[in-house]
Amino acid sequence: DDMDTRASLSILLLLFGISQASTLTDERFEGVFVSEPEPLDITTRILESNNDLILNMWAFLFTAYNNKLVIANAMSTFHSKTCIRFVARSTQSDYISIENKDGCYSSLGRTGGKQVVSLNRQGCVYHGIVQHELNHALGFYHEQTRSDRDEYVKINWENMSPDMAYNFQKQNTNNQKTPYDYGSIMHYGRTAFSIQPELETITPIPDETVEIGQRQGMSNTDILRINKLYGC
């Protein structure tokens, strides 16, 4: 009976994770042996040994969840202000796939099949940028490339990176009888793709003080154009 009691106490100590050696030398348990003791329960050991990994995993999961919220919120404006509806893909053959690629970009309009909208999570997952790229997917050019843009902005070609000049090329756009919109989500800022931070690539005219390049959200004119183009 005395041996059974001592063995039971040893097992109880193991369950609480405080056994420290293969042989207990305390006089109360002399002669009782415990094989392969665990100084800490297995969950605690995993948590301690993988603390950084777990923290990084939680940070990743939080970021991924937060990114989805930002994208969903950006889409909600289309749902509430236009007849455009973004729905989860099931079997559609033509669809957009929002992915964490290298940069913020989208094809112009419907291309057919899988159509990638890149929103790099390090710098693209912001309300206005998401709406900007989704507008490209819906078929809208940058505002500063409008067919009548020379009446409203001056493009400073000498101040921009040559490999980015295509973003400023004037297009034969369907302006849908809407005014040039300095406040459009599709308008670049003054120093977009500039070779020097202080050099302007776009200067509004005739009033050079007009603000351009906002990324807070779609303007009323942006919304109007979507509704006109899609017959909402």
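This is a predicted model: local features need pLDDT of at least 70, side-chain atom pairs count only at pLDDT 80 or more; totals for chains, interfaces and linings use all residues.
View 1. Of the 19 lining residues, Cys104, His136, His142, Asn167 and Tyr188 lie nearest the centre of the pocket. The elements that give two or more residues to this lining are β2 and α4 (127-137), with the largest share, 4 residues, coming from α4. Domain 1 (58-138) and domain 2 (141-231) each supply at least three residues to the lining of this pocket.

**View 2. The largest pocket and its lining.** The volume of the largest pocket is about 740 Å³, and among the 23 residues that line this pocket, Phe86, Val87, Asp94, Tyr95 and Ile96 are the closest to its centre. Two or more lining residues come from each of α3 (51-81) and β1, and β1 gives the most, with 4 residues. By class, this lining comprises 12 nonpolar, 7 polar and 4 charged residues.

**View 3. The open sheet that contains β1.** Three strands form an open sheet in the order β1-β3-β2, with mixed pairing, and the edge strands, β1 (95-99) and β2 (104-106), each pair on one side only. Neighbouring strands of the sheet are turned by 25° against each other on average, direction ignored. Strand β3 (residues 114-119) pairs with β1 in the parallel sense over 5 bridges, and Val116 in β3 stands opposite Ser97.

Technical notes: Residues are numbered from 1 along each chain as its sequence is written. Side-chain values use heavy atoms; hydrogens and water are left out. Two strands pair if DSSP finds at least two bridges between them. Axes are lines fitted to C-alpha atoms, for helices over the stretch in contact, and angles run from 0 to 180 degrees between N-to-C directions. On a 1 Å grid over the protein atoms alone, a cavity is a set of points where a 1.4 Å probe fits but cannot get out, and a pocket is an open set with protein on both sides within 12 Å along at least five of seven lines; lining residues have an atom within 4 Å of a point. Grid points are joined across faces, edges and corners, and a volume is the space filled by probe spheres set on the points. Ala, Val, Leu, Ile, Met, Phe, Trp, Tyr, Cys and Pro count as nonpolar, Asp, Glu, Lys and Arg as charged, and the others, Gly among them, as polar. Domain bounds come from an automatic or database domain assignment.
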